[in-house]
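Subject: Handover of a structure and the findings on it

Dear colleague,

Please find below the structure that I am passing on to you. My notes on it follow directly after.

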Amino acid sequence: MNDGGYMKLILILAFFICAQAYAAEDTRDHPDAEKAHEHKGKKQHGEGHDGDHDHGGMKHGEDGHGHGGGMHGDHDHGGGHGHGDGHGHGGKLDETRLKQFFEPLPASIIDEQKNAALIKLGKKLYLDPRLSINDKIACNSCHSLSNFGVDNEPTSPGHEGKRGGRNSPTTMNAALHIAQFWDGRAANVEEQALGPILNPVEMGMPSEEAVVKKLKGIAEYKALFAEAFGNEKDPMKYKNIGVAIGAFERTLLTPSRFDDFLKGDKDALNESEKRGLKKFINMGCVNCHNGTVIGGNSYKKIGLVVPYETSDMGRYEVTGLETDKKVFKVPSLRNIAKTAPYFHDGSVETLDEAIELMAKHQLGRDHVGHGMVRDIKAFLGSLTAKSAE
Ligand code: HEC
Ligand code: HEC
């Protein structure tokens, strides 16, 4: 790759392949060198839904397999001439195709007006360190609202600085996941919120009764609970803490430029981001990271193709099924550029590294080019909250 002559040769070859394919196909179905990897994606996806895009041109793609992927990207970027832009996207990013994989965030998933009192209480609880044994740790300590719902620590210091074995995932958009935690052991955000308060390495409260008793001693909570659960005889009960925090978490949606793009604003992404999106789809990342939050909707094994070293057995600890060993909930990739470090144990420091590891262990692609990583990273950057840009 560092050898200039070799590089030139590959460039010429890539160009030749492009030109050939370009001549043979109309621009809509132009296969680039990565096209060859698409079959993988389809196999896992089951339906072969975009089969009719694959005719003929597949061969060119297969020729370019391997080096082609990365090089082609670099060539596109460096060249920057009209031709590259035109043939790269066209039909491949058309709306029908995108809608097979992604959905924009809904405007809201809870009636914020009708639930205003509940949400207000939930937010207060979320930010309140008094929910912890020594008044020091709030949900917000590990899931900071002003920092994309994370603390950027590999694992989080909780009560007395103790740390669990897992990385704090973001609370942003989490309400849209199929279930909560890396292993999906809580059904929803309402149920999830009741866990950390009693967890000895998180907020460290000794019992449900102790939490309720403590809150009852804080005058303002009496009024807030009464307002939020007006129709209940005894509004201050443990379960309702979860109901309120969950309601608040349902308001934590972070629309991004990618949502604008999905809704038809073709200028919402720049060229590098569009190339990255195309690669994300063609390489097969989209098999697992798809839907409204680009993940969060299925469980998959880490090391699906090439085994991955970890002592965390993931979902196996919940289900006891042999086939669930090292299976985790596929994380959402929204705000991923801001939520380092990565993976269930926070062991992966950079997004570049996370992308390379994914390509290798989940897709069997050992040497993805620099251009590939750069473009995918650019695309992932477009998933950052617009409000933060
Ligand atoms: C000491 C740090 C810490 C505190 C305090 C804490 N959490 Fe967490 N949170 C974590 C960690 C670590 C995980 C992942 C644990 C796992 O998957 O086993 C997590 C998981 C979650 C998830 C699941 C997200 C997903 O993608 O699955 C939500 C939602 C969440 N926490 C909300 C809360 C709320 C609400 C509170 C306060 C009641 C809270 N957390 C307090 C560290 C913390
Ligand atoms: C077979 C399913 C699958 C495929 C394909 C896949 N991923 Fe993942 N991805 C996962 C799972 C599962 C995790 C969680 C791994 C862990 O924490 O151990 C994950 C984690 C990640 C993370 C870290 C998220 C975080 O919050 O820590 C990133 C970034 C990521 N994937 C990007 C990609 C990219 C880019 C591709 C394509 C090159 C890809 N993934 C392909 C299943 C998949």
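The model is a predicted one. I begin with the nonpolar core and then turn to the helices, the ligands and some individual residues.

**The core and A244**

The largest nonpolar core has 67 residues, and among these A244 and F280 touch the most other members. Leaving out residues up to four places away in sequence, A244 touches L118, L121, G122, L125 and A228.

**Helix α13**

A244 is also one of the buried residues of α13, together with N240, I241, G242, I245, G246, A247, F248 and E249. Nine of the twelve residues of this helix are buried, so α13 is largely enclosed by the rest of the structure. Its buried residues pack against α7 (116-127), α9 (189-192), α10 (194-198), α11 (208-216) and α12 (219-228).

The length of α13 (residues 238-249) was also compared with expectation. At 1.5 Å a residue, its twelve residues should span 16 Å, and the C-alpha atoms at its ends are 17 Å apart, which agrees.

**Helix α12**

Which residues of α12 are buried? They are Y221, L224, F225 and A228. Viewed down the helix axis, these buried residues fall within an arc of 100°, so they line one face of α12. The face turned away from that buried side carries A219 and A223, which are exposed. The cover over the buried residues of α12 includes α7, α11 and α13.

**The two ligand shells**

Ligand 1 is surrounded by 26 residues, of which C139, C142, G158, F181 and P196 are the closest. At least two residues of this shell come from each of α8 (139-142), α9 and α10. The largest share, three residues, is supplied by α8. Sorted by class, the shell around ligand 1 holds 14 nonpolar, ten polar and two charged residues.

Around ligand 2 there are 25 residues, and C285, C288, Y342, H344 and M358 come nearest. Which helix gives the most to this shell? It is α17 (residues 351-363), with six residues. By class, the shell around ligand 2 divides into 18 nonpolar residues, six polar residues and one charged residue.

**Backbone features worth a look**

Most residues other than glycine have a negative phi, and most peptide bonds are trans.

- P341 is placed in the loop between β2 (327-329) and α17.
- K326 has 20 C-beta neighbours inside 10 Å, so it counts as buried.

**K386 and its surroundings**

K386 belongs to the segment after α18 (370-381). Is K386 buried or partly exposed? With 14 C-beta neighbours inside 10 Å, K386 counts as partly exposed, because that class lies between the limits of 12 or fewer for exposed and 20 or more for buried. Setting aside neighbours within four places in sequence, K386 is in contact with P255, S256 and R257. K386 and N335 are separated by 51 residues in sequence, while their C-alpha atoms are 9.8 Å apart in space.

**The protein as a whole**

How many helices and strands does the protein have? There are 18 helices and two strands. Of its 389 residues, 43% count as buried.

1. A244, a member of the largest nonpolar core and one of the buried residues of α13.
2. The shells around ligand 1, including C139 and C142, and around ligand 2, including C285 and C288.

With kind regards

Terms used:
Residues are numbered from 1 along each chain as its sequence is written. Chains are lettered from A and ligands numbered from 1 in the order in which they are written. This is a predicted model: local features need pLDDT of at least 70, side-chain atom pairs count only at pLDDT 80 or more; totals for chains, interfaces and linings use all residues. A nonpolar core is a set of buried Ala, Val, Leu, Ile, Met, Phe, Trp, Tyr and Cys residues joined through C-beta atoms within 7 Å. Two residues are in contact if their C-beta atoms, placed from the backbone, lie within 7 Å. A residue is near a molecule or strand if its C-beta atom, placed from the backbone, lies within 6 Å of it. Helices (H or I, at least four residues) and strands (E, at least two) are DSSP runs, numbered from the N terminus. Ala, Val, Leu, Ile, Met, Phe, Trp, Tyr, Cys and Pro count as nonpolar, Asp, Glu, Lys and Arg as charged, and the others, Gly among them, as polar. The expected span of a helix is 1.5 Å times one less than its number of residues. The arc is that of the directions from the helix axis to the C-beta atoms.
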